[in-house]
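Trainee: I would like to learn how to read a protein model one feature at a time. Please take me through an example.

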Amino acid sequence: MNQLPPIAQRGMRVQTAVALQTPDRVPFVPTWNNFYQLEYGVTIEDSMRDPLTVTDALNKVLDRYEPDLVYMPTTFPCQAMESAGATAARWPGEYLKLPPNTPYQYIDKQYLPDEDYDEFLKDPSRYIIQKILPQKYSNYAGLALINPVSLCNQAIYSQAAFGLPPVRQAMQAMLDTGAHVMENLDKCAKLSMATVERGFIPFGGAVCMTPFDEFADHVRGIMEACMDCIEEPERLAQAVEMWGEQHIPAAIANAKMQHAQYLFVPLHCGTDDFMSLENYRKFYWPGLLKVINAAAAAEMTPIIMCEGKYHTRLEVLAETPRGKVIYCFEDTDFVEAKKILGDVACIACGMPTEYLMMGDKQRVIDHTKKMIDLLAPGGGYIMTNSTAIDQVKTENLEAWKDTVFEYGRY
């Protein structure tokens, strides 16, 4: 293995763990949030306006921490959100009068009221164009005047709607927003290519949400969707299935276009806190399993980020193709996870991010060794942290990395 280029060594190390075997060393895959900015003197706002401002920080992270997979700096473009008049998020800068290091924050909101459920299910595309997009993006208000069906009339007069001032304003805002997004994606692609050229494997750019999370986050509202499990089970099941039929193939196609090796799948609503195990099996797991199977069929490894408490879901997660998935856990019984999933899926977990933020490095060293002793035997294990890193004690982060590299050898 030492005869291979560094990028091949790292790739083989991770894929050996995915295949439930023992690589030369426990793979080290920390996840970052705003660490690239806050640790290396770039404001979050600057990075959102120009992703290339974190280039130097990225290089320093690669040099010091040598991750086997690189969780790339991903920042949503301020200019695009401002062009669209985005209302579903908060971000730093003059537009919202927030300090330059304010973290980006998604805002949960109900866009589909109870009384409109049947209207949405009857024609979701029209409903999204006319009623949801104008709510999520204030500068798209003119879309409420667009009826897609009427545009197909034989007479050219059906196109008159495009001449209406509110519609023209919405279309210009959409064009401007799209240009800003494309510029941002181009710069993110340059960061990824530079990472590969340095011998590292990026992930995090190719993303696929579960159908339940997509519907909850962007249409129904998280709390309303979770309540629907009890109050509107039939409509919810129909909506989630319909969303998955459209969303999953599109996400897979986008990931393939990026030549992604790994598909990042962050889970939001599947925690123990939000729904019962019965409802998880009924409404959440079928869509997640479709994502896993679609990624595997496209020869990508899905990295499933199990956010929140995942103590009661382990048996369900085991119902997946063997050796095709990485489950990252924030909060579960790691020993039980290894016992239940060890013969089925690679698990990634082990370091509470709060240990990296506070306390001394000896606690980090001791805990790292404890997790390796418990979870590494037999392979199928990746060392990662519980929640993505913003600011930590550097000496703790360095101690964590050094201990994995030394103590984590098989």
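Mentor: We will go through helices, salt bridges, a surface patch and backbone angles in turn.

Trainee: What should I know before I start?

Mentor: This is a predicted model, in which local features need pLDDT of at least 70 and side-chain atom pairs count only at pLDDT 80 or more, while totals for chains, interfaces and linings use all residues. Residues are numbered from 1 along each chain as its sequence is written, and side-chain values use heavy atoms, with hydrogens and water left out.

Trainee: How are helices and strands assigned, and how do I read a bend?

Mentor: Helices (H or I, at least four residues) and strands (E, at least two) are DSSP runs, numbered from the N terminus. The expected span of a helix is 1.5 Å times one less than its number of residues. The bend at a residue is the angle between axes fitted to the seven residues ending there and the seven starting there.

Trainee: How far does helix α7 span between its end C-alpha atoms?

Mentor: Helix α7, residues 124–136, spans only 16 Å, whereas a straight helix of 13 residues would span 18 Å. At Q130, α7 bends by about 30 degrees.

Trainee: Which residues of α7 are buried?

Mentor: Buried means under 20% relative accessible area, exposed over 50%, and partly exposed in between (1.4 Å probe, protein chains only). In α7 the buried residues are P124, R126, Y127, Q130, I132, P134 and K136. They pack against α6 (117–122), α9 (211–220) and α11 (233–257). For contacts, the rule is heavy atoms within 4.5 Å.

Trainee: How many salt bridges does the model have?

Mentor: A salt bridge is a side-chain nitrogen of Lys or Arg within 4 Å of a carboxyl oxygen of Asp or Glu. By this rule the count is 26. In one of them, D24 pairs with R13, with the closest N and O atoms 2.8 Å apart. D24 sits in the loop between α1 (6–18) and α2 (35–38), and R13 is in helix α1, 11 residues apart. D24 is partly exposed because its relative accessible area is 26%, while R13, at 6%, counts as buried.

Trainee: Where do R13 and D68 lie in the chain?

Mentor: The side chains of R13 and D68 meet in a salt bridge of 2.6 Å, N to O. R13 lies in helix α1 and D68 in the loop between α4 (55–65) and β1 (70–71), so this pair ties together parts that are 55 residues apart in sequence. D68 has a relative accessible area of 0%, so D68 is buried.

Trainee: What does D50 pair with?

Mentor: D50 forms a salt bridge with K187, and the closest N and O atoms are 3.2 Å apart. D50 is in the loop between α3 (44–49) and α4, and K187 is in helix α8, 137 residues away. D50 is partly exposed, with a relative accessible area of 23%, but K187 is buried at 16%. Not counting residues up to four places away in sequence, K187 touches D50, P51 and L52.

Trainee: How do I read a surface patch?

Mentor: Patches are made of residues with over 30% relative accessible area and no salt bridge; like charges are joined within 9 Å, and nonpolar side chains (Val, Leu, Ile, Met, Phe, Trp, Tyr) within 5 Å. The areas come from the Shrake-Rupley method with a 1.4 Å probe, and for residues only the protein chains shown count as cover. Here V181, M182 and L185 make a nonpolar patch of about 270 Å². L185 belongs to helix α8, residues 165–197, and is partly exposed at 46% relative accessibility.

Trainee: Which backbone angles deserve a second look?

Mentor: Most residues other than glycine have a negative phi. K97 has a positive phi of about 60 degrees although it is not a glycine. K97 is in the loop between β2 (89–90) and β3 (105–106), and is exposed at 60% relative accessible area. H259 is also not a glycine and has a positive phi of about 60 degrees. H259 lies in the loop between α11 and β5 (262–267), and counts as exposed because its relative accessibility is 69%.
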